[in-house]
Amino acid sequence: MARPIDFAPAFGSIDAVGAPTDARDERIEVGVAIVGAGPGGLACAIRLGQLLEEHPDVKERLGEVPIAVLEKGKQPGSHLLSGAVVNPRPLRQLFKGRLTMADIPTYGDVPGEAVYLMSRRSAVRIPPPPTMRNHGNVIVSISVLGRFLAEQAEASGAVVLSETAAVKLLVEHGRVVGVRTGDRGRGREGEQLSTFEPGSDVVAGLTVLAEGTQGYLTGAAMEGFGLQGENPQIWALGVKEVWRVPDPLRRIVHTMGWPLRKSASYGEFGGSFIYPLGDELVTVGFVAGLEAKDVEFSVHDVLQEFKTHRLIWKILRGGERVAWGAKTITEGGFYSFPRRFNAPGLLLVGEGAGLVNVPRLKGVHYAIESGRLAAEAAFRSLQRGEVPSRVGALDAYDESLRQSPMWNELYEVRNMRQAFDRGFFVGGALASMMTVTKGRMPNGRFLTHPNSAAPLMKTGRASRYPKPDGTYIFDKLSSVFASGNRTRDDQPNHLKVTTRVRRPVAEAWEWMCPAHVYEVGRDLGNGMVSVEITPSNCVQCGAITAKGGRLTPPEGGSGPEYTLT
Amino acid sequence: MKIAVCVKHVPDATVHKRIDPGTKRLVRSGESALNPTDLNAVEEALRIKEAQGGEVVLVSLGPVKAIDSLRKALAMGADRAVVVSDEAAAGSDLLGTSRALAAALEREAADLVLFGQASSDGDGAVLWAAVADRLRRPVISQVASLTFEGGEVHGKRQTEHGYDVISAPLPAVVAVSDAINEPRYPSLKGIMGAKTKPQETLSLADLGVPPSEAGEAAAKTTVLELGAPSSRGDQIRIEDDGSAAQKILDLVLERRLL
Amino acid sequence: MTFLVFLEHHAGGLEKGGLGVLAKAASLGDSAGVVIGPAAREVATQAGAFGASRVYALESEAPPLPQPRVDAFATLVEKTGADTVLFAASVLASDVAAGLAARLDAGLNWDLTDLEIRDGELVGKRPALGDTVMVDVGWKGSPRLGLVRAGAFDPVEASGSVEVESFESPIAEFSTLATLIGHTVEASTGPSIEDADIIVAGGRGLGSPDAFSLLEELAAALGGAVAATRAVVDAGWYPYSTQVGQTGKTVSPKLYIACGISGAIQHKVGMQGAGTIIAINKDPNAPIFDFCDIGVMGDLHQIVPKLTELVRSTRG
């Protein structure tokens with residue numbers, strides 16, 4: 001049986017790790033380099049800025065640019081996508097004494113919630129499982145929040161560099177000394193165009209990787225420093241839309257079941273979320289694990305199929321789609337954490353380090369919390385006169401993570417996601433047991449298997465997908481357009497994928513990708529086909545990384561321009 | 001040489017654009033960027049500065065937010081930015097805009113004033129000619145290449161009938177087309193340095209422009225109504241049975257498209 | 001309502017655009033043409049064949065530059081008391097209209113595709129937001145200036161006598177600072193896609209890069225240009241300079257013939273402003289069939305060469 005993992009391209013940390021190559025006076029020196037202007041990276045920048053403000057002597061030691069945040073999107077928020085219902089505690093903590101929740105752009109407290117078990121014709125309301133109770137949480141658009149946090153980071157003294165991709169982790173003598181930014185202005189074959197602008201070595205005493213779900217440099221760092229966790233990381237793909245609706249939605253909704261199939265043999269695990277964003281907007285999204293085995297499994301199309309259910313129709317009817325986006329979510333949980341969240345000169349923050357609570361669908365507040373803790377650990381080590389690159393200098397960060405409530409929360413659900421490998425019912429039963437016993441039973445470590453190792457099958461699933469009509473059901477290309485993606489066409493292909501594969505693998509990629517980047521190409525005989533790639537469609541969701549390829553950062557500024565996701 | 005580049009802050013083309021049914025004006029919230037063809041003008045100014053020395057000043061009329069979108073041009077290498085920002089100027093038409101810009105440009109007394117040729121929000125197709133008239137200086141538009149000789153600027157102007165080479169003594173107003181150059185990417189150093197470059201905000205009063213001569217109240221054009229685009233009319237479907245080519249030709253001739 | 005219509009001329013002949021606007025203006029009110037430049041009087045008489053009863057002519061050897069024409073129009077508006085001045089958009093006319101607006105402090109609406117009189121007021125119609133909405137626009141005060149989108153109105157042939165009245169105008173000193181020092185006509189193999197009135201475009205449905213030769217022949221026969229979609233440019237079948245679409249060029253020709261193009265939105269936004277869209281495609285589900293004017297279901301490899309032959313024999 002064909003498996004994507006059999007066609008994984010040769011790619012190792014060696015491609016993304018190396019020594020600085022710019023002449024010394026060409027290098028850009030900053031105090032702390034943070035990769036990723038998401039909630040984790042920005043919380044780190046904000047907290048660090050606050051501490052440096054209170055301790056000018058420490059700040060002085062960090063030079064002219066104490067904190068730099070590198071963001072590959074057009075601006076902060078352009079590549080941020082989530083539900084999202086967020087636990088506000090870490091936000092309050094971050095801005096304690098300075099701002100209140102009223103100052104932070106959210107769509108208000110969760111007004112009420114409902115969980116449904118879906119079938120094709122019905123939706124049975126079930127009491128929210130304990131892991132899904134959201135009382136006291138707030139609804140946000142992470143893209144909007146990202147823009148706000150970026151402004152706060154700049155007010156706090158950080159420099160936010162947009163359209164700047166970090167493509168290499170700079171390591172010298174076993175220590176992380178910064179990151180190298182990507183070139184701009186290369187043509188399709190890698191040739192230098194008239195506008196060619198080479199990347200730069202950004203050298204810093206401390207580097208914080210807050211890259212989010214795909215952690216390009218995080219992955220390289222984990223490999224390079226031997227930090228991989230016990231279980232391999234696994235991912236789910238989420239595809240969502242934002243709709244302007246005539247009638248406000250007054251509660252958050254989560255669903256399980258249809259259109260996903262319950263038997264373990266299909267490997268379809270996930271569910272949907274429907275959240276109001278104020279009175280005028282609603283966001284609906286579908287999340288499914290990437291171990292789904294049917295070659296025709298497409299989360300985008302499953303979302304379209306999902307919208308045909310009466311429950312959703314009643315919410316969206318008469319409305320207009322105003323945004324679309326897709327992004328992966330790390331699902332490995334506790335046992336997929338890196339062995340350590342630090343290395344000499346390096347800190348790992350947020351989802352890139354696997355800090356996501358899948359059963360609770362929560363990760364944003366962990367990112368913020370870990371960002372804050374990273375800033376404090378970094379500051380304390382600087383204050384002590386430490387050099388962050390000394391081995392063990394940053395162990396305090398790991399310690400603070402272990403002491404924080406999030407650690408325990410993640411430990412309790414450490415096997416819950418893996419349980420669903422057994423299918424919906426067995427998984428559900430196991431999950432209930434874990435909930436009741438707060439994770440003590442069943443004991444042991446449930447394994448995860450790389451998404452790309454799942455053998456592929458064909459069951460005619462595509463026949464269930466509704467046909468696009470351009471007003472309620474949308475095809476992928478018009479959705480890519482709605483994401484604001486205007487990636488420059490003639491740049492090098494940033495997707496590392498084997499382009500001669502067994503047919504089922506190519507088909508799986510064609511269906512999996514929400515942006516229609518991959519297509520089955522020519523027949524090459526012996527059951528092999530070529531793969532046609534349109535990299536400029538790519539919204540950098542990262543699904544290909546989970547399924548046998550590797551997403552690498554394209555030219556800075558490429559990709560979607562999310563504003564409401 | 002002192003070069004003033006007039007740049008416009010427009011809502012990012014990728015953000016879902018719509019016209020507010022109440023004010024009948026383009027909704028300008030959401031992320032914003034510099035008008036793409038203005039980048040060609042900025043690039044040209046930078047090349048001239050690199051060749052001859054001098055200063056590149058960005059001049060813009062818009063909300064205070066506009067300063068954010070000017071950062072990219074500052075990161076590319078412009079030296080400073082001047083933004084005319086005044087509530088009273090909101091809703092200005094060509095007349096109000098050109099009046100405010102001309103006042104700001106007079107204050108700068110640049111040798112060369114550059115514009116980008118087109119605006120992605122369709123709002124300023126012809127600003128340069130109006131500004132040039134107010135400044136009482138020569139204007140060359142549609143310029144695909146620019147050179148200098150003595151105290152004169154020579155522009156290769158692209159028209160429907162080929163290229164004219166126009167000469168004008170400085171100070172002059174020039175509108176460049178997007179064929180003139182490929183705008184550079186800002187370097188990382190440039191991006192980091194942009195924030196510290198001088199950015200000045202002026203009100204209409206600072207320029208001596210009375211509020212009665214700008215803004216919606218002073219506009220001499222009005223938007224009356226929004227409507228759906230005239231529908232394309234009924235679609236004609238042809239299934240080819242060998243005669244499709246003839247049918248196409250007949251339709252093309254009927255509609256006088258040849 | 002009294003109209004002045006700028007009638008641009010080149011190489012001794014009047015341009016179609018201005019004549020079209022003249023026809024429209026004549027249908028709305030008392031209209032006169034305006035010709036400025038070399039041999040203005042003689043050229044002005046040609047307007048008689050297109051419905052002009054009066055043309056003002058300013059004979060001048062001035063090169064085709066806008067600013068002296070701003071002075072001329074300012075003088076003429078004052079002299080005639082006309083309340084509306086219309087221009088057919090062109091490189092020259094756009095600059096004249098804008099300069100005149102500043103000079104007279106007059107409202108200018110541009111990109112107009114239609115004009116009408118409603119309740120005694122002049123109302124213009126223009127597309128906005130990439131041709132996705134239509135907007136009605138008006139003017140406050142007098143005179144009213146309008147720039148009409150190229151090709152919006154067709155000239156109307158109507159023989160009649162035309163009165164040509166010469167006029168003079170003082171020219172401001174700064175208006176003659178810009179001078180013409182050279183001119184080149186680029187030898188081109190047909191119009192560029194941005195200027196072309198007719199475009200024949202190809203997409204993946206062509207099957208191979210060789211099929212572009214079919215499109216080139218059709219374009220040559222029609223006097224148009226060849227364009228391509230992103231997919232085929234990506235595949236190296238045709239140059240990037242011909243790419244139409246979101247990340248390529250935006251074109252609005254009178255006629256766009258899309259061959260083997262599916263019509264995904266990334267392409268659509270580059271050509272949706274075309275006057276008439278003809279799609280030739282084998283796939284009945286191609287999105288292009290949702291928005292084209294003439295949808296042809298068939299094999300382009302058969303239809304295109306046949307069409308080329310027919311066009312040649314019709315024109316030849």
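Which elements of chain A do the buried residues of H9(A) pack against? They pack against strand E19 (342-343), strand E20 (346-348), helix H8 (364-383) and helix H10 (405-412) of chain A. This is a predicted model, in which local features need pLDDT of at least 70, side-chain atom pairs count only at pLDDT 80 or more, and totals for chains, interfaces and linings use all residues. Residues are numbered from 1 along each chain as its sequence is written, chains are lettered from A and ligands numbered from 1 in the order in which they are written, and side-chain values use heavy atoms, with hydrogens and water left out.

**Helix H9 of chain A**

- Helix H9 spans residues 395-403 of chain A, and its buried residues are A:Tyr397, A:Asp398, A:Ser400 and A:Leu401. (Buried means under 20% relative accessible area, exposed over 50%, partly exposed in between, with a 1.4 Å probe and protein chains only.)
- These residues sit on the same side of H9(A), because they cover an arc of only 160° around the axis. (The arc is that of the directions from the helix axis to the C-beta atoms.)
- An α-helix has 3.6 residues a turn, so residues three or four places apart point the same way.
- Helices (H or I, at least four residues) and strands (E, at least two) are DSSP runs, numbered from the N terminus.

- A:Arg180 lies in strand E10 (residues 175-181) of chain A and is buried, with a relative accessible area of 13%.
- Beyond its neighbours within four places in sequence, A:Arg180 contacts residues including A:Thr21, A:Asp22, A:Lys168 and A:Asp201. (Contact means heavy atoms within 4.5 Å.)
- A:Asn451 belongs to the loop between helix H12 (424-436) and helix H13 (476-482) of chain A, and counts as buried at 2% relative accessibility.
- Not counting residues up to four places away in sequence, A:Asn451 touches A:Ile234, A:Trp235, A:Leu290, A:Glu291, A:Ala546 and A:Lys547.

**Chain B overall and B:Asn40**

- Chain B has eight helices and 13 strands, and 53% of its 258 residues count as buried.
- Of the contacts in chain B between residues at least 6 apart in sequence, 72% join residues at least 24 apart.
- B:Asn40, in helix H1 (residues 36-52) of chain B, is buried at 4% relative accessibility.
- Leaving aside neighbours within four places in sequence, B:Asn40 is in contact with B:Val176, B:Ser177, B:Asp178, B:Ile180, B:Asn181 and B:Pro183.
- B:Asn40 and B:Leu114 are 74 residues apart in sequence and 9.7 Å apart in space, C-alpha to C-alpha.

**Helix H4 of chain B and its two helix partners**

- Within chain B, the axes of helix H3 (residues 94-108) and helix H4 (residues 127-135) come within 9 Å and cross at roughly 55°. (Axes are lines fitted to C-alpha atoms, for helices over the stretch in contact, and angles run from 0 to 180 degrees between N-to-C directions.)
- H3(B) and H4(B) are therefore oblique to each other. (Angles under 35 degrees count as roughly parallel, over 145 as roughly antiparallel, 65 to 115 as roughly perpendicular and the rest as oblique.)
- By class, the contact of H3(B) with H4(B) has nine nonpolar, two polar and three charged residues. (Ala, Val, Leu, Ile, Met, Phe, Trp, Tyr, Cys and Pro count as nonpolar, Asp, Glu, Lys and Arg as charged, and the others, Gly among them, as polar.)
- H4(B) also packs on helix H4 (residues 91-104) of chain C, at an angle of about 45° and with the axes 7 Å apart, which makes H4(B) oblique to H4(C).
- This contact is made by B:Trp128, B:Ala129, B:Ala130, B:Asp133 and B:Arg134 of H4(B) and C:Asp95, C:Ala98, C:Gly99, C:Ala102 and C:Arg103 of H4(C).
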